[in-house]
Amino acid sequence: MYRGLSISLQGRRMAVSVAAPERHGDRMIYFGIIAMIFAGDFFIKNHMERTLEEGEEKEKLNGFLLLRKHHNKGAFLNAGQKRQAAVAAVSVLLTIGVAAVFALSLGMQGNRMLKAGLSMLLGGAFSNTYDRLKRKYVVDYFSFHVKWKRLARIVFNLSDFGIILGALAVALSAGRMAD
């Protein structure tokens with residue numbers, strides 16, 4: 001598949017250029033991002049479930065990072081924890097929606113930031129949605145020991161950062177497309 005054919009007339013000369021064919025490996029990078037986030041978080045969550053007790057804390061990185069297991073039965077910050085089925089359904093629907101946008105983006109030329117952002121979003125969404133469906137809760141396992149108490153109380157997992165960074169990349173790419 002060729003990315004494009006460009007013909008321009010410059011004075012009396014005609015210049016023709018053909019872009020390089022799209023490489024299969026370009027798309028595989030995005031699937032690799034999804035797989036790395038999902039698999040990495042899957043193994044860390046399973047390790048935390050086996051080795052850390054609820055409420056137990058272990059300091060890492062000179063106390064900046066706290067390992068602590070939390071079973072989140074809702075969405076972000078336990079929102080909707082009493083409506084787990086609804087949270088799971090919304091999670092599935094949003095994941096399907098992002099997957100559809102991702103699939104459509106693969107047919108677009110360029111815009112690597114959008115594709116990378118959607119890949120990070122999907123890796124995180126697949127992992128957390130898997131937890132909601134399989135375990136009936138999402139395993140969160142680290143927080144930051146910082147002075148700002150609101151941030152210090154939040155317990156994250158790797159997928160949360162995939163979702164946050166992915167959403168940021170998608171937003172930045174949308175801003176670039178608008179320019």
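In this predicted model, R135 has a relative accessible area of 17% and is therefore buried, since the cut-off for that class is under 20%. The partner of R135 in a salt bridge is E49, with 3.8 Å between the closest N and O atoms. This pair connects distant parts of the chain, for R135 sits in the loop between α3 and β5 (138–144) and E49 in helix α1, 86 residues apart. E49 has a relative accessibility of 23%, so E49 counts as partly exposed.

**Salt bridges around K45**

- Side chains of opposite charge can pair when their charged atoms come close.
- K45 takes part in a salt bridge with D41, in which the closest N and O atoms are 3.2 Å apart.
- K45 and D41 are separated by about one helical turn, because they stand four residues apart in helix α1 (residues 24–51).
- Both members of this pair, K45 and D41, are buried.
- K45 also forms a salt bridge with D131, where the closest N and O atoms lie 3.0 Å apart.
- K45 and D131 are both buried.

- Which residues are linked in a network of salt bridges?
- The network consists of D41, K45, E49, K69, D131 and R135.
- In total, the structure contains six salt bridges.

**Helix α3 and its end**

- Helix α3 is made of 23 residues and spans 32 Å from its first C-alpha to its last.
- This span is close to the 33 Å expected at 1.5 Å a residue.
- K136 follows α3 and has a positive phi, near 75 degrees.

- Is strand β4 largely enclosed or largely open?
- Strand β4 (residues 65–72) is largely enclosed by the rest of the structure, because six of its eight residues are buried.
- Strand β3 (residues 57–60) runs antiparallel to β4, and four bridges join the two.
- Within this pairing, E59 is placed opposite L66 in β4.
- The hairpin of β3 and β4 has four residues between the strands, and L61 in this hairpin adopts a positive phi near 55 degrees.
- Strand β4 also pairs with β5, in the antiparallel sense and over six bridges.
- In β5, F144 is the residue that L65 stands opposite.

- L165, L168 and L172 make a nonpolar surface patch of about 280 Å².
- One of these residues, L172, belongs to helix α5 (residues 158–178).
- L172 has a relative accessibility of 48% and so counts as partly exposed, because the exposed class requires over 50%.

**The chain as a whole**

- The protein chain comprises five helices and five strands.
- Along the sequence, these elements follow the pattern β-β-α-β-β-α-α-β-α-α.
- The chain has 179 residues, of which 34% count as buried.
- Of the contacts between residues at least 6 apart in sequence, 57% join residues at least 24 apart.

Note on methods
Residues are numbered from 1 along each chain as its sequence is written. This is a predicted model: local features need pLDDT of at least 70, side-chain atom pairs count only at pLDDT 80 or more; totals for chains, interfaces and linings use all residues. Side-chain values use heavy atoms; hydrogens and water are left out. A salt bridge is a side-chain nitrogen of Lys or Arg within 4 Å of a carboxyl oxygen of Asp or Glu. Buried means under 20% relative accessible area, exposed over 50%, partly exposed in between (1.4 Å probe, protein chains only). The expected span of a helix is 1.5 Å times one less than its number of residues. Patches are made of residues with over 30% relative accessible area and no salt bridge: like charges are joined within 9 Å, nonpolar side chains (Val, Leu, Ile, Met, Phe, Trp, Tyr) within 5 Å. Accessible areas come from the Shrake-Rupley method with a 1.4 Å probe; for residues, only the protein chains shown count as cover. Two strands pair if DSSP finds at least two bridges between them. Contact means heavy atoms within 4.5 Å.
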